[in-house]
Amino acid sequence: MKKIDLIEVDSTNEYCKREDRGEDLIVTAKRQTAGKGTKGRSFLSPDGGLYLSVLRHYEGYPASQTFHIMVDSCVAVCKTVEKFGVTPVIRWSNDVLVDGLKISGTLIENSFCGDRIVRSIVGIGINVNNILPPELKGIATSLRIVTGKMLDYEEFRRELTDHLTKKYTLEDYKYFMPWLGSQVVLQMNEERKTVKAIDVAEDGRLVVQREGKEVVVSAAEVSLRF
Ligand code: BTN
């Protein structure tokens, strides 16, 4: 897969869309001026963080398998973080936390042809050595904070891009969810409900026990709190 390393870009996801010539790419940037998060939010992307997108084309990847794209990217982030001596936890469905605070988020933008995915752009932002603004206190952390030292940025980038070329399983994904089997809080619009998290289904939905009954919820409907 062709690799492009940029110093600055608006958004690595947008770069992939603009520069798509039909070839698969991994694009990294040292900073973004218009980083995008999920739910239309912006994603602060200062120097010291790693911002990356993987552009892939498919002959026709079944839309029913969409979740596996998330599995591969979240597990790649976790395995990379582990290599640096840090224990990551996946907060279903797409955040990676350390010590209960967010260290990485993923924004996946898929293009469909009928019920098939023909192109996916997996955008990952990771707080490596960047300084976090005060408003993210209690919400986010960085590898620099948790390890107490500056990481070798190039080594981290190499490790992550290497892990992103591999395939992982749902079991690999669930390995990083030690909270399965415990009580969690689901936030749905204004409503908060404490439920027992049971499992993650093959399609990526979270299986929970609510008022004695098993129900499945999708990430589009709820967000998760511990
Ligand atoms: C989130 O947690 O809301 C998802 C954040 C995704 C950020 C990454 S950084 C690289 C890629 N380019 C973007 O503009 N966004 C993603």
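In which helix does Asp 72 lie? Asp 72 lies in helix H2, a helix being a DSSP run (H or I) of at least four residues and a strand a DSSP run (E) of at least two, both numbered from the N terminus. The model is predicted, so local features need pLDDT of at least 70 and side-chain atom pairs count only at pLDDT 80 or more, while totals for chains, interfaces and linings use all residues. Residues are numbered from 1 along each chain as its sequence is written, and side-chain values use heavy atoms, with hydrogens and water left out.

View 1. Leaving aside residues up to four places away in sequence, Asp 72 touches Lys 166, Lys 167 and Tyr 168; contact means heavy atoms within 4.5 Å.

**View 2. Helix H2 against helix H4.** Two packed helices are described by the angle between their axes and the distance between the axes. The axes of H2 (residues 66-83) and H4 (residues 153-163) come within 9 Å and cross at roughly 145°. Axes are lines fitted to C-alpha atoms, for helices over the stretch in contact, and angles run from 0 to 180 degrees between N-to-C directions. The crossing of H2 past H4 is right-handed; a crossing is right-handed if the near helix is turned clockwise from the far one by less than a right angle, and left-handed if anticlockwise. On the H2 side the contact is made by Ala 76, Val 77, Lys 79, Thr 80, Val 81 and Lys 83, and on the H4 side by Phe 156, Glu 159, Leu 160 and His 163. Sorted by class, this contact has five nonpolar, two polar and three charged residues. Ala, Val, Leu, Ile, Met, Phe, Trp, Tyr, Cys and Pro count as nonpolar, Asp, Glu, Lys and Arg as charged, and the others, Gly among them, as polar.

**View 3. Two of the six aromatic pairs in the structure.** Rings of Phe, Tyr and Trp (its six-membered ring) pair if their centres lie within 6.5 Å; planes under 30 degrees apart count as stacked, over 60 as edge-to-face and the rest as tilted. The ring centres of Tyr 58 and Tyr 61 are 4.7 Å apart with planes at 45°, so this pair is tilted. Tyr 58 is partly exposed at 21% relative accessible area, whereas Tyr 61 is buried at 14%. For Phe 67 and Tyr 173 the centres are 5.1 Å apart and the planes stand at 90°, so the pair is edge-to-face. This pair links distant parts of the chain, with Phe 67 in helix H2 and Tyr 173 in helix H5 (residues 170-175), 106 residues apart. Phe 67 is buried at 9% relative accessibility, and Tyr 173 is buried at 0%.

**View 4. Cysteines without a disulfide.** A disulfide is a covalent bond between the sulfur atoms of two cysteines; here the term is applied to a pair of cysteine sulfur atoms within 2.5 Å. A search of the whole structure finds zero disulfides. Cys 16 is buried at 0% relative accessibility, and Cys 78 is buried at 0%.

**View 5. Lys 174 in helix H5.** Lys 174 is buried, with a relative accessible area of 17%. Residues up to four places away in sequence are not counted; Lys 174 then touches Leu 180, Asp 199 and Val 200.

View 6. Most residues other than glycine have a negative phi, and most peptide bonds are trans. The peptide bond from Trp 92 to Ser 93 is cis, with omega near 5°. Ser 93 sits in the loop between strand E4 (89-91) and strand E5 (95-98). Asp 99 has a positive phi, near 50°, and lies in the loop between E5 and strand E6 (101-113). Glu 211 has a positive phi of about 50° and belongs to the loop between strand E10 (206-210) and E11. Asp 99 is exposed at 65% relative accessibility, and Glu 211 is exposed at 70%.

Terms used
Buried means under 20% relative accessible area, exposed over 50%, partly exposed in between (1.4 Å probe, protein chains only).
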